[in-house]
Structure formats: C-alpha cells, structure tokens
Amino acid sequence: MGINGIGMAGYFSKGYTGNNTAKTESGKRFADVVNQKSAEAEKAEKEVKGANPSSILDSIGEHAPEEVKQAFLEAEKETGGIVTVYGLWISNDGKQSYMTQMGVERFVRWYNGDYNYTDLLGTSVGSAISAVKRWIYEVDHPLGGQPAGMEEKKLMEMERAFYVSFLDKLEKLKGNALRD
C-alpha cells in the first residue's frame, strides 16, 4: 500500500509527469535536466558578459561615474574571474562560482521592493568607496550559521581580494580628485 493509499488507487501511474518541463525532457532524470539548464544559463551569462563587459556595471552601478566603472573592470582583470549581472563571481576557467556580497545586497534590495537595486555604487567615487568598504566588512564578518568549508573560504578570499583591489583603485581616484 502506498502513502495514504495513493499507490493502490493507481494515482501517479508510470509515465505520469507533473509539469511541462518534465514532459519535454522525458527520459531524463531530474538531476540531469537541472544540470543541463544550469549549464545553459551559465553559458548564456558568460556570452552576455563577453559581449558587454560593462553589463554588470549597468546592473550595480547604473549612475556611477565612468572612472568608477573602469576601476571595477581593472580590479576584475587583476584578480581573475568575472562578476555576473546577478552578482555571481565565476572563475576564469568556469569551474567555480560564488555569490558575492554585492549580489546579496542587490537581491535583498530587490526583495524588499527597493527600486534602487541597480545603483549599489552610487553616483560618486565616495559612494562607491562606502559600498565596497561595507562589502569587505560583510565578507570579514559573515552572519551566524554553519562555518564555511575550505572551498567556500577560498572563494570568500578571492571575493575579498577583488574588493580590496577595487577599493585601492577607488581611493587613488579620490586622492587624484582632491589634488586637482
């Protein structure tokens, strides 16, 4: 007898599919379909990033000055990997990915109905410096929960290295602006 008699009643008989995706992907296991769709999405994300390297900047620094955007791209090249439109860091070889603090902030703003989730860097070098300092703090002081494993700690260090490089470039910009 099945759970609550369902098995005996002939419900969910062999060949039954519960949604359109399963019907179009018949013959494949759920995990295989998930892996395939994930790989397709990641490939599309990399193609978008390759076609327009500033797409992330349009999604987090819509009103940021051009010099801030350039500093972001330089820090990204310097530290390796790319940051996607959704705030996901992907290694140059595509084998590692990690949700960044900027991605988390963007998602939280969107979730809370803050329509300013495309402007995390603000409108000046100073506002970008404040945002990056906040992200470094959040990497250094994660919320409670289970401790990160070695792999996650390594990825957090890479994210922090990106922020430190970006912050260094922004502070140089601010120093240059003060001298002018």
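Trainee: Which are the buried residues of α5?

Mentor: This is a predicted model. In it, the buried residues of α5 are V68, K69, A71, F72, L73, A75 and E76.

Trainee: Where is α5, and how many residues has it?

Mentor: Helix α5 covers residues 66-79, which makes 14 residues. From its first C-alpha to its last it reaches 20 Å, close to the 20 Å expected at 1.5 Å a residue.

Trainee: Take A71, then. Why does A71 count as buried?

Mentor: The relative accessible area of A71 is 5%, and buried means under 20%, so A71 is buried.

Trainee: What is A71 in contact with, leaving aside neighbours within four places in sequence?

Mentor: A71 is in contact with F166, K169, L170 and L173. The C-alpha atoms of A71 and S165 are separated by 8.8 Å, although these two residues are 94 residues apart along the chain.

Trainee: What follows α5?

Mentor: G80 does, and its phi is positive, near 80 degrees.

Trainee: Let's zoom out. How many helices and strands are there?

Mentor: The chain has 8 helices and 3 strands. From the N terminus on, the order is α-α-α-α-α-β-β-β-α-α-α. Of the 180 residues, 34% count as buried.

Trainee: In what order do the strands sit in the sheet?

Mentor: The order is β1-β2-β3, in an open sheet with antiparallel pairing. β1 (82-83) and β3 (97-99) are at the edges with a single partner strand each, so one side of each has no neighbour in the sheet.

Trainee: How many bridges join β2 and β3?

Mentor: Strand β2, residues 88-90, pairs with β3 over 3 bridges in the antiparallel sense. For L88, the bridge partner in β3 is M99.

Trainee: On to α6. Which of its residues are buried?

Mentor: Helix α6 spans residues 101-111, and its buried residues are Q101, M102, G103, E105, R106 and R109. Just after α6 comes G113, with a positive phi of about 80 degrees.

Trainee: How do α6 and α7 cross?

Mentor: The axes of α6 and helix α7 (residues 125-140) come within 9 Å and cross at roughly 105 degrees. The two helices are therefore roughly perpendicular to each other.

Trainee: Which residues make the contact?

Mentor: From α6 the contact uses Q101, M102, E105 and R109, and from α7 it uses R134, W135, E138 and V139.

Trainee: How many of those are nonpolar, polar or charged?

Mentor: The residues of this contact divide into 3 nonpolar, 1 polar and 4 charged.

Key. Residues are numbered from 1 along each chain as its sequence is written. This is a predicted model: local features need pLDDT of at least 70, side-chain atom pairs count only at pLDDT 80 or more; totals for chains, interfaces and linings use all residues. Side-chain values use heavy atoms; hydrogens and water are left out. Helices (H or I, at least four residues) and strands (E, at least two) are DSSP runs, numbered from the N terminus. The expected span of a helix is 1.5 Å times one less than its number of residues. Buried means under 20% relative accessible area, exposed over 50%, partly exposed in between (1.4 Å probe, protein chains only). Two strands pair if DSSP finds at least two bridges between them. Axes are lines fitted to C-alpha atoms, for helices over the stretch in contact, and angles run from 0 to 180 degrees between N-to-C directions. Angles under 35 degrees count as roughly parallel, over 145 as roughly antiparallel, 65 to 115 as roughly perpendicular and the rest as oblique. Contact means heavy atoms within 4.5 Å. Ala, Val, Leu, Ile, Met, Phe, Trp, Tyr, Cys and Pro count as nonpolar, Asp, Glu, Lys and Arg as charged, and the others, Gly among them, as polar.
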